[in-house]
Amino acid sequence: MRAKVNQGMPPKNKGVLSRLLKMLFRDYKPQLIAVVICVVLTAFASTIASLFMNFFIETIESEGLVYGWGAIQRKILIAIGIMLSIYVVGWISSFTYTRLMAIVTQSFLNRTRQTMFAKMQTLPLRYFDSHPHGDIMSYYTNDIDTLRELVSRCLPQLLNSGLILLLLVFNMIYLSVWMGLVVAVGVVAMFFVTKHIGGNSAKYFLKQQKSLAKEEGFIEEMMNGQKVVKVFCHEEQSKADFDRVNKQLCADATKANRFANILMPIMGNIGNTLYALLAFVGGVLILTGVPNLSLSGQAMTVAVVLPFLNMTKQFTNNVSQVSQQMNAIVMAMAGAKRIFELLDEEPEVDEGYVTLVNAKEEDGELTECAERTGIWAWKHPHSDGTVTYTRLCGDVRIEHMDFGYVPEKTVLNDITLYAQPGQKVAFVGATGAGKTTITNLINRFYDIDDGKIRYDGININKIKKADLRRSLGIVLQDTNLFTGTVMENIRYGKLDATDEECIAAAKLAHADDFIVRLPDGYATMLTAGGSNLSQGQRQLLSIARAAVADPPVMILDEATSSIDTRTEALVQKGMDALMKGRTVFVIAHRLSTVRNSDVIMVLEQGCIIERGDHAKLIEEKGKYYQLYTGAFELE
C-alpha cells in the first residue's frame, strides 16, 4: 500500500512520533525545556554571522571611504567582540544540550526497557507461543537502538536545523525579497525530492526492521537447536535457509539505504545550483540597478549579495541535514511502532477475586492470619459483603471440559476427571493426545472453551491467577535454570526460603549428593541455563525447586525423562516422599513410573478412553495393556 508522505514521514508514523514525544515530555519536561532553550541560542549564534558580514561590508563601503579606516576601526572591533561573545554562548549552549540529551536518552531507554519487560510479564503464554523468541529479543536490541539514535541525535539536530532555517528565512527577507524568491524555488524543488525519496525510504526501512527481527529469530532458533543440526548433518541446509533469510534482509536494507544515500548528493547538487543561480541573479541586479525590495531598506550591493550567498549555503546545508534526519527518524518510527505494538498487546485477563491467604483454625472455623501458620485458605468474598474461607486441600475436579488452541480445532473433548487430595493421577498416551494441555489448563496458562475446573470446590476462573499458580508446583520436562548460584535456583520456587529449607529440598530430590561435590557447593554459579551441569543434574535441581515451594498440588510433566535408571530409582523415593499427602498429576512415557498411581487416565486424540488403577487397566486388556506389554508403543 502506497502511503502519502510529508517530508518522508508516513501519516501513520505521525501518531507514533507524537506518542514518543509525549512519553519524553511526561518524564523529562524540565531537561527538555532546557535543551530547547540551548538549541535556540545555538541556532541564533549560527545565523547571526551572515548579518555581521552584511554590517562589516556595509560599514567599510559607507563609512570607510568617507572617513577612512581609523574612523571605523573602533566600531569594527566592538562588533567583532560582540560576535565572539555570541559564538561562545552558542558553543556553551551546544555543549550543554548535547550532554543533557545524552543523559536523557540513556535514562529514557532504560525506562522504556523496564516498561517493555514489565509489560511482557503481564502477557499470556499464548503470546510467547506465537512469537519467535528472536523476534521478541529484537525489541530490546535493534528497535531500542533506533530510538537511541532518534532521541540523542536526530530530534535535537532537527530542532536546531528547523530554527536555523526560520531565522535564515527572516534574514533573507530582511536583506532582499527578490533573491528570497529565488531561494523559495529551490526549497520547493528540495521538498518534492525529499517527499518522493523519503517516502520510498520509509517503506523499506520498516521492511528492514521486520526482516532484521526475522533473521534474529532464525539465529536464535538455530543456536538452540545446534545439537540437532549436527546430529542430522543439517549444516548445509541450515546455511541455505540462513542465506535465504539474510538475502531478504539485504534486499530490504539495500532498497532502504539506496533511497537514503542518494538523498544527500541530490540535495547537495540542488544547493550548489541554487548558490550559482543566486550569484548570477545578484550580479545582474547590481549591474542593472534594479531597486532592492527588503526590510532593511538597503540598496542591492555587494554588502547584500555576499551575506545572502553565505546564508544560502547555510540554508541548503540545513535543508539537507533535515532531509538526512528524516531517514533516521523513519527508521526509528519503524522501531518505535514495533515497541508500541508490544506495549499495546492485551495483557493476560484475570477476573479472579478469590485469593490465597495464611489462616488459622479456631473452634473449627478458619480465619485469616497475618503470620505464617502452615495453613492456607481460599479467601472468597461474596456479593453480600460476607467472606468465607475454604481450606486449601488440593481437590481438583474437571467437568465436561472442551478446549482448542485455535477456534477451528478442538484439542480436548469432554474431559471429566476427579483428583481428591492426596491422590496421584497419571496421564498416558501418544504425543499430541492432550496430556500437557490438561495441566496447562489447570494452571490457567490458557482458558477453557467450555466446561468447568474446580479447585477445592471453587471455579478456578474466580481465583486470581497468581494465587492459583502459587498453590501449584510444576516440574517440566524442559528444565529452565537461571544465571545465579545453585542455592538461588532452588530458592526460585520460594523466594523467602531459608538456606536450610533449600538444602532439605535438595536432599529430598537426591540433588544434594552432586551439589556438595561441585567446586563451590551450593554457591556454585550456573550460567547459560546450567550448561556446566548434566541434563540429569539440571532436572534434579528443577525437582528440588518444586520441592522447596511445598505446594499441595504437584504437576510432574515427564519429570524423570532425562534421568538415568539408577538415578530415577533414587529420585522416585524422594518424589514419593514429596508427593505424600499431595494431589499429584503425572505425565509420563515410562509406564513404570505410574504403576503406583491411584488413577491412570489413557488419552487418545483429546479424549479419555480408559481410566482406572494399574491392576484394573491390565485386567481390561485395552490400550493401556497394549502399551504396558509392548504390543503398542507410545510415539
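Before you click anything, one term: two residues are in contact when they have heavy atoms within 4.5 Å of each other. What you have open is a predicted model, where local features need pLDDT of at least 70, side-chain atom pairs count only at pLDDT 80 or more, and totals for chains, interfaces and linings use all residues. Residues are numbered from 1 along each chain as its sequence is written, and side-chain values use heavy atoms, with hydrogens and water left out.

**Stop 1: Lys 435.** Select Lys 435, which sits in helix α9 (residues 435-442). Helices here are DSSP runs of H or I with at least four residues, strands are E runs with at least two, and both are numbered from the N terminus. Is Lys 435 buried or exposed? Lys 435 is buried, at a relative accessible area of 6%; buried means under 20%, exposed over 50% and partly exposed in between, using a 1.4 Å probe and protein chains only. Now show what surrounds Lys 435: setting aside neighbours within four places in sequence, its contacts are Phe 427, Val 428, Gly 429, Ala 430, Ile 587 and Leu 603. Zoom in on Gly 429, whose backbone oxygen is reached by the Lys 435 side chain at 3.0 Å.

**Stop 2: two helices.** Next, pick α12 (residues 499-508) and α14 (residues 535-549). Which residues of α12 meet α14? Look for Glu 501, Cys 502, Ala 505, Ala 506 and Leu 508, which meet Ala 544, Ala 547 and Val 548 in α14.

**Last stop: zoom out.** With the whole protein chain in view, you have 17 helices and 16 strands. Of its 635 residues, 46% are buried.

How values were computed
Axes are lines fitted to C-alpha atoms, for helices over the stretch in contact, and angles run from 0 to 180 degrees between N-to-C directions. A polar contact is a pair of N or O atoms within 3.5 Å; within protein, one must be able to donate a hydrogen and the other to accept it, and residues adjacent in sequence count only if both atoms are side-chain atoms.
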